[in-house]
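Hello,

Here is the structure I promised to pass on. Please look it over before reading my notes below.

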Amino acid sequence: MFKKILIANRGEIACRIIKTAKRMGISTVAVFSEADRDALHVRMADEQVFIGAAPAAESYLQADRIIKAAQETGAEAIHPGFGFLSENAGFVEKVQAAGLVFIGPDTHAISVMGDKIESKKLAKSAGVSTVPGHIGEIEDGDEAIKIAQTIGYPVMIKASAGGGGKGMRIAWDNEGCREGFLSARSEAKSSFGDERIFIEKYIEEPRHIEIQVLGDSFGTILYLGERECSIQRRHQKVIEEAPSPFIDDKTRKAMGEEAVALAKAVDYVSAGTVEFIVDKDRNFYFLEMNTRLQVEHPVTEMITGLDLVEQMIRVANGEALSFGQTDIKLNGWAIESRIYAEDPYRNFLPSIGRLTHYQPPEENRHVRNDTGVFEGAEISMFYDPMIAKLATWGETREAAITEMHRALDTFYIRGIAHNVPFLAAVMNHPRFLSGQITTNFIAEEYPDGFKGGVMTPETEEAMLVAACFMNAVNSSRQSQVSGRILDVKPVETRDWILCLGDKRVKSLIRPTADGATVILDGKTVDFATAWTPGMPVLSGRLDSRPVMIEVEPLAMGYRLGTSGVSCDVLVLPPVIEQLMVHMPEKKVADTSNLLLCPMPGLVMTITVEEGDEVKAGQALAVVEAMKMENILRAERDGVVSAVRAKVGDSLAVDAVIMEFD
């Protein structure tokens, strides 16, 4: 077995690989950029090597520096993780030429499968079902339109070397096809250094379902069940689960066998994933093969009991798989939620900054949290915005969802915007609960963006009770003599008014042995909790049901969050509540004549000049943030009166890009 390996990656995947390596008794080497000097993966590794400036192109994509680091530290093998150089055949050649082992497939598999055009040709020849489309390079926008018209709209425009949702666009007409082609090509060139584009038919009502495969150097290739990855935004997976609630045993076997056939066609060795698009009738079509570890691999590990990173290392060490296809059993259900540094209330725009508070749920046999950050860490604009991958397991899908509810409601993050409220809201969505999902789920269920979860009567009651209880506890502490041990039990209160939006509720509270009896407008409920001031999450039982609420103190109340719902509850004496109507309302500044940068990012393109007339929907600028290009469009007709930014500028949130008359 290897004595030392180098991880050519960063963040949560580097940390995850280090954990398995340490369990196997293997020493680890971390590489890091200027932005990652204090990163968690650097702290966890046995050795650390600096490889360059913050931009990935100057550090994590520098193959020669990474190989040199491996040689200088005595590492025998390199694990690439996912992203960066994980599917770069040139990097693999250099690794092998340096006498090192690449923990992954060979260059042939990476080259053929990493090229979406060539992979579709190979899949077709191997008898794997493929989506109708144009398999070949496309020169320009005019040719793209001709091809799209031949296939028939809608079409999917995709980068040949793409992945992670980058370099992908859907076009419904000629104008969208031309714009999508140019945008996808530009994004593909900046992300992958390869601007080749192909076009295929867009399957409506689609599900994105993938098969995990695992092969050794002795010709054994197995499939480890499927993962449902249909909850996506901008073609980026957000929530995954295994198995799929849609796939039956017959379809699972057929998809698995086709995935193995494709892997055998390229003599595949290591862990990989064959992705399919599946229609409403369970017809499935090959999309692509990822010749690397997938972000969502934890859900497969949780239902099979296998450690895929360990298997990759053992296979790379020349070992044969110690089990066969009939040994693969799917046990229970697992769900993964990707925690991103992005603001779901502002169209999921990236967020950067310091994690002033980071308290993930406690891990156990039902909860797993793969992360690459810690409290006080910095979320950089240079890399993917993922904070963590939260996965839960249950004996049934319903049990796994319940575990995810609890885990999300106790995941406490402050200092940056994050998507936990959105994930929690999806877990409560009737359509998700029923399993009737497609890749259009987010677009269809949140067409105007995410405005917050649904405030149910149960959620409202829980928030009012929580605010009442915390107010009583704090009142109790404030009434005690300084210097003595404080009693954290609530004091009996009378006639406090709870204000939630336009609702006004009269509250009373009486302490009990394990919490309190709370009376809201005459209705009595029992609340049991061990919460004390300073705890960021209040958990307990309201009558017979569990509640978990994130807590943030305000001057006259609390900001509370649960199940994707966030709101302020004020706790006021009656006389103060009566006077609140006389408080002046803060006016919101009018920015309708400005184009503001919606996220921290780099200005890639500005398409208009001062004096130009623009129409609503017209593209005005392109801003790149966290490896994704974002097109900023005019919200109404107007005339550009001033351009305040230029190409190459690094802008902060709400920086003025241009003004309009």
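**What I found**

Methionine 556 sits in the loop between strand S29 (545-554) and strand S30 (557-562). Helices (H or I, at least four residues) and strands (E, at least two) are DSSP runs, numbered from the N terminus. This is a predicted model: local features need pLDDT of at least 70, side-chain atom pairs count only at pLDDT 80 or more, and totals for chains, interfaces and linings use all residues. Residues are numbered from 1 along each chain as its sequence is written, and side-chain values use heavy atoms, with hydrogens and water left out.

Methionine 556 has 39% relative accessibility, so it counts as partly exposed. Buried means under 20% relative accessible area, exposed over 50%, and partly exposed in between (1.4 Å probe, protein chains only).

Glycine 564 is buried because its relative accessibility is 5%. Serine 563 is buried because its value is 17%. The C-alpha atoms of glycine 564 and alanine 425 are separated by 4.5 Å, though the two are 139 residues apart along the chain.

Now the backbone. Most residues other than glycine have a negative phi, and most peptide bonds are trans. A cis peptide bond joins tyrosine 153 and proline 154, with omega about 0°. Proline 154 lies in the loop between H7 and strand S7 (155-163). Another cis peptide bond joins alanine 242 and proline 243, with omega about -5°. Asparagine 347 has a positive phi, near 60°. Phenylalanine 348 has a positive phi near 60° too. Asparagine 347 is in the loop between strand S16 (342-343) and strand S17 (349-350), and that loop also holds phenylalanine 348. Asparagine 347 is exposed because its relative accessibility is 57%. Phenylalanine 348 is buried, with a relative accessible area of 7%.

Best wishes
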